[in-house]
Amino acid sequence: MGQPAEREAGERDPQGAPPPELPPGQRLQKGWPVTHYGPVPKFRPERWEFRVFGATADGGKHCWNHDEFTALPYITVVADLHCVTKFSMLGAEWGGIPARTVLDLAPPASSVTHVMVWAEYGFSSNLRLTDFAADRALFATHKDGELLTAEHGFPLRLIVPHLYAWKGPKWVRGVEYMTADRRGFWEERGYHNVGDPWKEQRYSYQEEPGEGPEL
């Protein structure tokens with residue numbers, strides 16, 4: 001049997017099923033386009049390390065090698081992915097380590113309000129601590145039961161389903177706990193500091209007072 005025909009948001013299925021719900025300005029995507037800035041890094045497991053640093057509760061740095069990190073409790077989450085380039089991929093199954101597990105194993109100081117997620121080549125994305133600690137925020141190693149490909153972020157990418165996808169970097173290497181907000185790579189280059197797709201928070205000029213530090 002062939003695949004179901006792709007429908008735009010708001011278009012009713014011929015058999016009467018309700019249309020998929022998409023954030024404003026988004027379109028339903030068939031497949032998973034590859035979008036990133038810069039080259040795909042080469043994975044070297046013997047050199048790979050995941051670090052948690054900054055304002056930790058104990059003042060120290062916490063590290064895991066690849067085997068240690070991928071041995072942490074694994075869960076699956078069914079969640080959508082909304083790209084700021086206006087495509088949405090619905091109902092993917094993501095597998096990996098909950099962000100809350102990292103918070104439990106390496107607790108932040110009580111004064112922490114934000115995190116900076118660091119990836120290969122110095123790429124970064126800032127998040128409010130409440131967004132990072134959300135139930136479905138996940139350091140993904142798998143999609144739909146298969147290991148992520150290098151182009152899609154292997155060995156590790158962050159998935160934060162309720163925010164635009166750039167808030168979940170590919171090729172993650174660590175998390176910095178921060179006691180004040182600081183813009184990440186795309187946030188410094190004109191993208192919205194919060195990135196809620198349901199509010200269509202795409203660009204920094206849309207920010208309301210208090211939604212981000214000065215550019």
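The legends below describe close-up views of one predicted model. Because the model is predicted, local features need pLDDT of at least 70 and side-chain atom pairs count only at pLDDT 80 or more, whereas totals for chains, interfaces and linings use all residues. Residues are numbered from 1 along each chain as its sequence is written, and side-chain values use heavy atoms, with hydrogens and water left out.

**View 1**
Strand β5 covers residues 87-98, and nine of its 12 residues are buried, so the strand is largely enclosed by the rest of the structure; buried here means under 20% relative accessible area, exposed means over 50%, and partly exposed lies in between (1.4 Å probe, protein chains only). Strands, like helices, are DSSP runs numbered from the N terminus (E, at least two residues, for strands; H or I, at least four, for helices), and two strands pair if DSSP finds at least two bridges between them. Strand β1 (residues 27-28) runs parallel to β5 and is joined to it by two bridges, with R27 having F87 as its bridge partner in β5. β4 and β5 run antiparallel and are joined by seven bridges, and I75 stands opposite G96 in β5. These two strands, β4 and β5, form a hairpin with four residues between them, and K86 in the turn has a positive phi of about 90 degrees.

**View 1. A140 in strand β8.**
Strand β8 (residues 138-143) runs antiparallel to β5, with five bridges joining the two. A140 belongs to β8 and is the bridge partner of G96. The relative accessible area of A140 is 0%, so the residue counts as buried. Leaving aside neighbours within four places in sequence, A140 is in contact (heavy atoms within 4.5 Å) with W94, G95, G96, L148, P155, L156, R157 and I159. The C-alpha atoms of A140 and P98 are separated by 8.3 Å, although the two residues are 42 residues apart along the chain.

**View 2. H152 in a loop.**
H152 lies in the loop between β9 (146-147) and β10, and with a relative accessible area of 9% the residue is buried. Not counting residues up to four places away in sequence, H152 touches W32, P33, V34, R157 and K170.

**View 3. The cysteines C63 and C83.**
C63 is partly exposed, with a relative accessible area of 34%, whereas C83 counts as buried at 8%. With a disulfide taken as a pair of cysteine sulfur atoms within 2.5 Å, the count comes to zero disulfides.
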